[in-house]
Each structure stands twice: as structure tokens, then as C-alpha cells.
Amino acid sequence: ALAWSKYIDESIALFGADTDIVFASHHWPHWGADDIVDYLSKQRDAYRYIHDQTMRLANHGSTSIEIAEQLELPAGLRDEFFNRDYYGTVNHNAKAVYQRYIGWFDGNPANLHPLPPVESSVRYVDYMGGADEVVRKAREAFAAGDYRWVAQVVNHVVFAEPDHLDAKALQADTLEQLGYQAESGPWRAFYLTAAQELRAGVPTGDGAANLGSADVVRAMTVEMLLDYLGVRLNGPAAAGITLAFDLTVTDRDEQWHVGVRYGTLHARKDLHRDDVDATVVATFDALLQLALSQATIDELVTAGSLQITGDRSTLVTFASLLDRFSFWFPIVTP
């Protein structure tokens, strides 16, 4: 936020007097130098205000949640439609600034190592008199319009007893109300998507994560692709396995030494070794298909885009250690 405010100010200084039109991602264009400078100046000041006031309050000892709850743009900035919370929000962004400098921990040791959601929710619900009693009280809060509190407390029932239909229905109704009231589009989408999950379950798909368009994915470097394979590597399953292979990417004219040790993938460019288990020669597209689980090793070998010399089981074992990611996963249910 601080850097962005400075870049906007630099843009004003360099181009403000000579600019006829400015357009950005989330709002309408602005025409004319006077209107443009006014617009950019107020955008600059909004980002700077969020940054500086977040850090001022952090230095007074406030946590990210406390800061976000009290921070509001001053009059003159918050009145402009382009500074409203239609996309990002002051509340959301103040937390992001705090996290950028200080991290997730708010300094309260009670939050340093909390129980995970299901375990803590079971205890919360028991302390509060059981699931039915929590839902009964939450309905009263719902009737009073105290939706933020209802969402917070009924979430414990949903995680403690995921088959409690009354709790899931009340939570869905609550999140729907919060969605209807949300000025921010992404906030609204989160609320309503969560309500849909509570009512209909997690959507099903083909089980593969959508990583973007083919053109975008093919623009990745070999290093990026290997890093992605490192993320897919199942560390616990690979912890006792050691393997190494040399890789030549023919259409990128790159050579890599790739290995797995202690559940970790390591890769070094421009290195080939004599003591590897196998040597792999492949096109980038073949590696991409393998990384995205779009083709098997046998299919790629048959197609001629992948060749293996040495111990073929090395690559087979490596591929077997790669997790498949589903595009869909639960948000508000355990």
C-alpha cells in the first residue's frame, strides 16, 4: 500500500499535466487533466491513509481485527465512489497491511497455538450448553439482526456437528443476509458461496485444479513448472525416498538436475550428473501435461514427446508421489 501510494504520486508528477484519459481495472475511465489528477490524488491518499493509520494503531498495540474495526477513510476520501468498498475494503486492506509487517500473530499467546476448528468447536458447543441451545440463542440474535455474531457462533456448531441441519440452515440464512448487505463484490461472493455450500454441499467437478488458460500456463518457465511439481510432491509419502534424474527440455534448450530427498524436490539448472537414476528428455508441453495430470508417462512416451533412459521406474515413482488437486473444497464445513 505504501509503495503503491508513492507510485501513484510519481505518475501524477510525471504525467498528470499532460494526460487526457486514465483507466484502471475496477472503475470507469476519467477524462481531462484536472479530473484525472483529482482522482489519482485521492487514490494515492486512500492507500497512504490505510497504510499509515494501520501502522500507527499497531504501534499503539491494536491487533489487526481491532484496527480494521475502527479504521475509516476521512471525509473527502470515503465520499468518492472510486474509494468505496465495491471491491477491496478498508477493513480487508487494513488487515493485509498489518499482516505484511507483523504477520498473522496478534501477540496474544492464547492465539499462538489454538486448537484446530473441529476440536475447538466441539468444546465451544459443549461449554455453551450443546448444539440445540446454541442454535436457539442464535435464532434470537438472528431475529435481532446481529448477523455477524450469529455467523461467528453458529460456525462452531457446524464444525462440531456437521450433520446438524438446523445449524447449517441458520448459518446459510445468516451468511445470505451478510451477503445482501455487503458493499464489496468479493465479500458478497464469499458469503453467498458459503451459503450455497451449507445448503447444497461442495460442488463436484472433474477433480483437477484449473490453473488458467493454456497460453498462460505455457508461458511459465521450466523453473516455475518444477516449483509447481515441488508443491504437488506429497512430502510425508516421499520422506523415505531418494531419487535423481537429469532433465533436458528440448524446445527450451535447458538442462536440469532434479532430485527428491527428505520429502523435498530440488532442481538445479545447467547441471547434469553421472550418478543419476535416469535421464529424461522431453518437450516443455510434455512436462506440462505430466505436471497437470493431463497425460501419463506411457502416453507421452508413445507420443514421442518424452524419452527415458536408465531406470524408468524413477520417473514412475516420482509421478506417483504427486498429489492431484481438486478445484473444489469446503469453505464453511469441516
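**View 1. Lining of the largest cavity in the predicted model.** The residues that line the largest cavity are Leu-226, Leu-229, Phe-245, Leu-247, Val-280, Leu-287, Leu-290, Ala-291, Leu-306, Leu-315 and Phe-318. The elements that contribute two or more residues to this lining are H11, strand E3 (243–249), helix H13 (284–291) and helix H15 (313–320), and the largest share, three residues, is supplied by H13. By class, the lining divides into 11 nonpolar residues, with no polar and no charged ones. The volume of the largest cavity is about 90 Å³, and a search of the whole structure finds one cavity of 30 Å³ or more.

**View 2. Helix H13 and the residue Ser-293 that follows.** Because six of the eight residues of H13 are buried, this helix is largely enclosed by the rest of the structure. The buried residues are Phe-284, Ala-286, Leu-287, Leu-288, Leu-290 and Ala-291; Leu-287, Leu-290 and Ala-291 are also among the residues that line the largest cavity. After H13 comes Ser-293, whose phi is positive, near 55 degrees.

View 3. Although Arg-232 is buried, it has no salt bridge, and the nearest side chain of opposite charge, that of Asp-323, is 7.2 Å away. Leaving aside residues up to four places away in sequence, Arg-232 touches Leu-290, Ala-291, Leu-292 and Ser-293, and also Leu-321, Leu-322, Asp-323, Arg-324 and Phe-325.

View 4. Helix H1 (2–15), helix H2 (33–59) and helix H4 (90–102) each supply at least two residues of the lining, and the largest share, six residues, comes from H2. The lining of the second largest pocket comprises 19 nonpolar, nine polar and two charged residues, whereas the lining of the largest cavity has no polar and no charged residues.

Note on methods
Residues are numbered from 1 along each chain as its sequence is written. This is a predicted model: local features need pLDDT of at least 70, side-chain atom pairs count only at pLDDT 80 or more; totals for chains, interfaces and linings use all residues. Side-chain values use heavy atoms; hydrogens and water are left out. Buried means under 20% relative accessible area, exposed over 50%, partly exposed in between (1.4 Å probe, protein chains only). Lys and Arg count as positive and Asp and Glu as negative; His and the chain ends are not counted. A salt bridge is a side-chain nitrogen of Lys or Arg within 4 Å of a carboxyl oxygen of Asp or Glu. Contact means heavy atoms within 4.5 Å. On a 1 Å grid over the protein atoms alone, a cavity is a set of points where a 1.4 Å probe fits but cannot get out, and a pocket is an open set with protein on both sides within 12 Å along at least five of seven lines; lining residues have an atom within 4 Å of a point. Grid points are joined across faces, edges and corners, and a volume is the space filled by probe spheres set on the points. Helices (H or I, at least four residues) and strands (E, at least two) are DSSP runs, numbered from the N terminus. Ala, Val, Leu, Ile, Met, Phe, Trp, Tyr, Cys and Pro count as nonpolar, Asp, Glu, Lys and Arg as charged, and the others, Gly among them, as polar.
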